[in-house]
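Here is a short tour of a ligand site and a chain-to-chain interface. Please keep the structure open as you read.

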Amino acid sequence: MNLALADIRHKLGRFVLTCLGLGLLMAVALSMVGIYQGVVTEALALSRSLRADLWVVESGTRGPFAESSRIPGDVREMVARLPGVAAAGAITLRTAEAQAPQGTIRVQVIGYEPGRPGGPSAIATGRGLGATRFEIVADARSGLPLGATLLLGRYRYHVVGTTRGLVASGGDPLIFMQLRDSQDLQFRLAPAAARRAIAANAGSGGTDTVNAIIAQLHPDADPALVAETARRWKHLAALTDQQQSDLLTLSVVNRARVQLGMFTVVLLFVSAVIIALIIYTMTMDKLREIATLKLIGAPDSTIVGLVLQQALLLGGMAYVAAVAIVFSARDVFPRAVVLGPGEVAVMAGVIAVICLLGSLVSIRAALRIEPQQALGG
Amino acid sequence: MAGPLVQVEKLSKTFGAGETAVRALAEVDLVVEAGEVVGLKGPSGSGKSTLLNLIACIQEPTAGRLSIGGETVWDGQWRVPDLRRLRRERIGFIFQSHNLLPFLNAIDNVALAMTLDGVDRSAARQRAGALLDYLQVGKRASAMPARLSGGEAQRVAIARALVNRPQVILADEPTAALDSERARVVMDLLRQVARDQQAAILVVTHDEKIFDRFDRMVALRDGRIEQQQRSAA
Ligand SMILES: Nc1ncnc2c1ncn2[C@@H]1O[C@H](COP(=O)(O)OP(=O)(O)OP(=O)(O)O)[C@@H](O)[C@H]1O
Ligand SMILES: [Mg+2]
């Protein structure tokens with residue numbers, strides 16, 4: 001018969017409550033890991049979803065995410081002609097406040113030319129953008145359903161398609177529109193003085209400004225080599241997708257890593273102390289029973305097994321509760337909580353180690369209990 | 001078998017040292033033969049529990065010699081490497097309060113002592129059940145200790161002490177929690193076990209009503225044996 005289980009069954013209510021409480025604590029720690037993963041995923045989601053092998057941006061900048069970048073739209077054709085480039089598309093990027101049916105929302109507006117790189121990688125519902133103007137594809141995170149209308153800078157845009165999981169590094173949902181629409185919008189949203197300057201330049205094609213050209217390369221082309229060719233051109237800089245991802249990770253993710261990492265470590269430490277205390281209390285509650293076991297001749301392995309199994313059961317059940325809590329609550333979380341089997345497994349390992357370490361003190365104490373302690377009173 | 005089952009020679013036990021030292025037992029000699037039921041009486045603090053604990057190898061003597069089943073267990077140092085195994089296999093201990101594990105039901109409390117000895121669970125339960133029947137608490141086999149009456153719990157505890165067929169059974173006031181009728185039933189049971197199993201049984205008791213159930217009474221006073229007398233019975 002298993003003594004650890006029998007004892008837990010005997011005090012089931014208390015054990016379940018303890019597991020739930022501990023589970024809540026672990027759930028917070030697990031969410032921290034999930035939120036961190038979410039920040040990483042979100043930071044890279046935008047650049048990944050655009051499937052760019054190469055980013056051509058304004059010379060001397062590391063745009064378009066880390067720094068602002070403005071280049072003439074006709075650069076696209078030059079980039080498209082570079083050896084090794086399969087396709088190139090001009091995009092604009094800007095965050096804006098928009099009036100959605102449910103209220104004001106912050107969105108990341110991406111303008112691109114349908115049929116060229118820069119559009120959403122996959123459409124969840126509805127369709128992609130066609131030739132019709134004032135249409136948008138909105139990410140589900142914006143809360144905009146198909147057919148809804150979005151008011152942006154006094155223009156009305158019609159949602160014809162939705163995507164899933166496409167957000168900017170700040171968590172703002174992506175809104176895709178035609179490049180022309182986005183350039184008009186840029187003009188509308190610009191301060192009055194800037195608008196006049198742009199209008200004055202209109203004759204020389206000054207309104208055809210984009211933020212970046214993204215290029216998709218032939219499979220056998222070397223991104224670094226193509227980037228080098230692009231860089232030699234005046235007023236242009238080029239970043240490979242890897243460099244772009246590294247930039248994003250560096251700027252956004254490192255800060256999050258430090259903050260969330262600290263929280264996670266503190267929470268795990270608190271969990272460890274609490275687990276150790278609970279196990280110690282559970283063991284000392286059984287002082288007399290353990291003494292009795294020794295008196296009737298139970299070997300140390302039985303005593304160690306009892307404490308250790310209870311510690312692992314406690315940690316295991318609490319962790320199952322934590323995973324259940326996190327996965328059932330993550331949709332109502334304001335930030336994306338991204339947890340794969342990898343993170344869940346690593347965390348399980350961490351909890352197991354914490355339980356083992358936490359029970360060491362208790363095991364030591366249990367082994368020191370003298371059989372005659374069963375006799376008193 | 002060589003010699004008596006329990007042999008105590010000039011056994012002493014001193015608690016503490018220096019000015020606060022308490023001499024609980026002083027050069028006690030005692031022999032309990034197989035099949036014998038010996039009673040141990042004496043005023044409070046006279047060393048009865050201490051003597052029992054020394055024989056059960058729960059506490060270490062300070063001087064003298066202790067042998068169990070003809071084998072020297074202590075003579076200045078432990079001569080047995082695994083005391084818990086010795087207790088498990090050869091000694092049954094009945095506590096004053098029953099000391100059943102609260103999280104196991106009656107039959108598992110009894111069977112546990114056997115499974116610790118490597119017997120598989122179903123065989124252990126079978127023997128435990130039979131023993132509980134023999135002690136007339138078979139009906140309460142699946143009850144948790146908290147739901148047992150004092151007498152029932154004490155009999156389950158006795159079953160636990162007997163389950164490994166120990167050669168030596170030590171009981172510290174096993175009948176203190178029982179009325180005199182139950183106390184007599186328990187004593188008759190122990191006598192029967194001594195006879196059937198050829199065990200040596202040593203029972204601490206204050207209860208004069210059951211003095212006639214012993215083959216012999218040993219009286220302790222201030223850690224010394226005051227008198228040994230054959231019972232009238
Ligand atoms: N662990 C201990 N540490 C110090 N002194 C002890 C210890 N155990 C017993 N003693 C002392 O040894 C003496 C004998 O104690 P013991 O418990 O053997 O008496 P007893 O005859 O069983 O008494 P009672 O009838 O009250 O149970 C007492 O003076 C007691 O205070
Ligand atoms: Mg006593």
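## The ligand site

In this predicted model, a polar side-chain atom of B:T50 lies 2.5 Å from an oxygen atom of ligand 1. Polar contacts here are pairs of N or O atoms within 3.5 Å; within protein, one must be able to donate a hydrogen and the other to accept it, and residues adjacent in sequence count only if both atoms are side-chain atoms. Oxygen atoms of ligand 1 are also 2.5 Å from an N or O atom in the side chain of B:S44 and 2.7 Å from one in the side chain of B:K48.

The residues around the ligand (a heavy atom within 4 Å of it) include B:F15, B:G45 and B:H206. Within this shell, α1(B) gives the most, with three residues; helices (H or I, at least four residues) and strands (E, at least two) are DSSP runs, numbered from the N terminus.

## Where the chains meet

The contact (heavy atoms within 4.5 Å) takes 24 residues from chain A and 22 residues from chain B. One salt bridge is found across this interface: A:D300 pairs with B:R84 at 2.6 Å, N to O. The term needs a side-chain nitrogen of Lys or Arg within 4 Å of a carboxyl oxygen of Asp or Glu.

## Reading the values

Residues are numbered from 1 along each chain as its sequence is written, while chains are lettered from A and ligands numbered from 1 in the order written. Local features need pLDDT of at least 70, side-chain atom pairs count only at pLDDT 80 or more, and totals for chains, interfaces and linings use all residues, while side-chain values use heavy atoms, leaving out hydrogens and water.
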